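Please look at the sequence and the structure before reading on.

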Amino acid sequence: MKMVVGGAYEGKTDYARWQFGLSEGDIADGLECTQRELLNCKCVKHAEELVRRTLKRGGDPMQLAENMIRFNPDMIVIANEVGCGIVPVNSEERAFREAAGRFCTRLASFSDEVHRVVYGQGMIIKKEQRT
């Protein structure tokens with residue numbers, strides 16, 4: 001697994017296309033993809049929105065992370081950093097941010113590469129060789 005993270009509108013998807021040779025058809029969208037599409041895609045963008053959707057239907061985002069690791073361990077995950085800035089007053093939004101942080105932390109711990117993108121420029125913040 002590989003992850004590309006950064007703030008909203010920082011160029012993460014374009015960076016991932018260039019870095020990993022992806023086409024538009026290789027990328028599922030966490031805003032709307034099905035479970036089947038997620039577990040069979042090369043890449044998913046808006047991964048944090050998978051957490052929001054999972055919470056809304058009463059599911060467990062950590063179980064979703066484990067399923068992604070188990071059934072699609074070679075995927076590329078693109079996620080917005082959602083924990084920065086002002087703490088929301090709304091308890092649902094705070095719960096979403098916490099769950100998204102834990103979800104992404106789990107995926108990053110499994111990933112052999114994590115890239116952070118700022119202003120379209122990527123930095124590799126983790127790179128391991130898997131055996």
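## Terms and source

Helix axes are lines fitted to C-alpha atoms over the stretch in contact, and angles run from 0 to 180 degrees between N-to-C directions. Helices (H or I, at least four residues) and strands (E, at least two) are DSSP runs, numbered from the N terminus.

This is a predicted model, in which local features need pLDDT of at least 70 and side-chain atom pairs count only at pLDDT 80 or more, while totals for chains, interfaces and linings use all residues. Residues are numbered from 1 along each chain as its sequence is written, and side-chain values use heavy atoms, leaving out hydrogens and water.

## Helix α3

Helix α3 covers residues 47-56. Its buried residues (under 20% relative accessible area, 1.4 Å probe, protein chains only) are Ala47, Glu48, Glu49, Leu50, Val51 and Thr54. They pack against α2, β3, α4, β4 and α5. Just after α3, Gly58 has a positive phi of about 80°.

## Packing of α3 and α4

The axes of α3 and α4 are 9 Å apart, at an angle of about 130°.

Contact means heavy atoms within 4.5 Å. Leu50, Val51, Thr54 and Leu55 in α3 meet Pro61, Leu64 and Met68 in α4.

Strands β5 (residues 113-118) and β6 (residues 121-127) run antiparallel and are joined by 6 bridges; strands pair if DSSP finds at least two bridges between them. Val117 stands opposite Gly122 in β6. The hairpin has 2 residues between the strands, and Tyr119 takes a positive phi near 50°.

Notes. Buried < 20%, exposed > 50% of the residue type's maximum accessible area, 1.4 Å probe, protein only.
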